[in-house]
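Trainee: I would like to go through the labels used for this model and see what stands behind each one. Can we take them in turn?

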Amino acid sequence: MDIDRWVNTFAPNGESHDPVGTPPLLRHDALRHFLTGIFSLFETVGLTEDHIFVAGDSAAVKWTGRGRGRNGKDVSFEGIDVIECNSDGKIILVHAYWNPAPVVAAVTS
């Protein structure tokens, strides 16, 4: 749950579509704001990479998330991220395929 560490994985001009279909998060300030909002719902939360498929500077990652909401409820959720990196290894683009609605509902009810 280290927001700055996560934001630092992105290039300064990084872009995230998390989840796909929502307005993109552009640059570090938007990414930091997004994750701060997510973390405000949880006592603990994290992702485990189940499978990683790398092709050049891109990767697809199937992951499982687990956390405990501030309401004391435990949640588990899954998704797939498609990630593109620059030559410095920083993320320039993420497309995150998952549905946050049931997760948010569980940890805020």
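Trainee: Why is Val20 called partly exposed?
Mentor: This is a predicted model, and the value computed from it for Val20 is a relative accessible area of 38%. Buried means under 20% and exposed means over 50%, so Val20 at 38% is partly exposed. Val20 sits in the loop between β1 and β2.

Trainee: What makes the nonpolar surface patch, and what is its area?
Mentor: Val20, Ile80, Val82 and Tyr97 make it, with about 320 Å². A patch residue needs over 30% relative accessible area, and Val20 has 38%.

Trainee: Which peptide bond is cis?
Mentor: The bond from Asp18 to Pro19, with omega near -5 degrees. Pro19 is in the loop between β1 and β2. Most peptide bonds are trans.

Trainee: How do you know that Arg32 and Asp29 form a salt bridge?
Mentor: Their closest N and O atoms are 3.8 Å apart. The cut-off is 4 Å between a side-chain nitrogen of Lys or Arg and a carboxyl oxygen of Asp or Glu, so the pair qualifies. Both residues lie in helix α2, 3 residues apart, about one turn of the helix.

Trainee: Which of these labels, exposed or partly exposed, goes with Asp29, and which with Arg32?
Mentor: Asp29 has 63% and is exposed, because the limit for that word is over 50%. Arg32 has 30% and is partly exposed.

Trainee: What makes Glu78 and Lys62 a salt bridge?
Mentor: The N to O distance is 2.8 Å, and the pair qualifies because the limit is 4 Å. Glu78 lies in strand β5 and Lys62 in strand β4, so the pair ties together parts that are 16 residues apart in sequence.

Trainee: How do you know that Asp74 and Arg68 meet in a salt bridge?
Mentor: Their N to O distance is 2.7 Å, and the limit is 4 Å. Asp74 is exposed at 53%, whereas Arg68 is partly exposed at 34%. Salt bridges that share partners also join Asp4, Asp29 and Arg32 into one network.

Trainee: What classes of residue line the largest pocket?
Mentor: The lining has 24 nonpolar, 3 polar and 5 charged residues. The volume of the largest pocket is about 870 Å³.

Trainee: Which element gives the most to that lining?
Mentor: β3, with 6 residues.

Methods
Residues numbered from 1 in each chain as written. Predicted model: local features only at pLDDT ≥ 70, side-chain atom pairs only at ≥ 80, totals over all residues. Heavy atoms only, no water. Patch = residues over 30% accessible without salt bridge, like charges linked within 9 Å, V, L, I, M, F, W, Y side chains within 5 Å. Areas by Shrake-Rupley, 256 points an atom, 1.4 Å probe, with all protein chains shown as cover. Helix = DSSP H or I, 4+ residues; strand = E, 2+ residues; numbered from the N terminus. Buried < 20%, exposed > 50% of the residue type's maximum accessible area, 1.4 Å probe, protein only. 1 Å grid on protein atoms, 1.4 Å probe; cavity = no way out; pocket = protein on both sides within 12 Å on 5 of 7 lines; lining within 4 Å. Points joined across faces, edges and corners; volume = space filled by probe spheres on them. Nonpolar A, V, L, I, M, F, W, Y, C, P; charged D, E, K, R; others polar.
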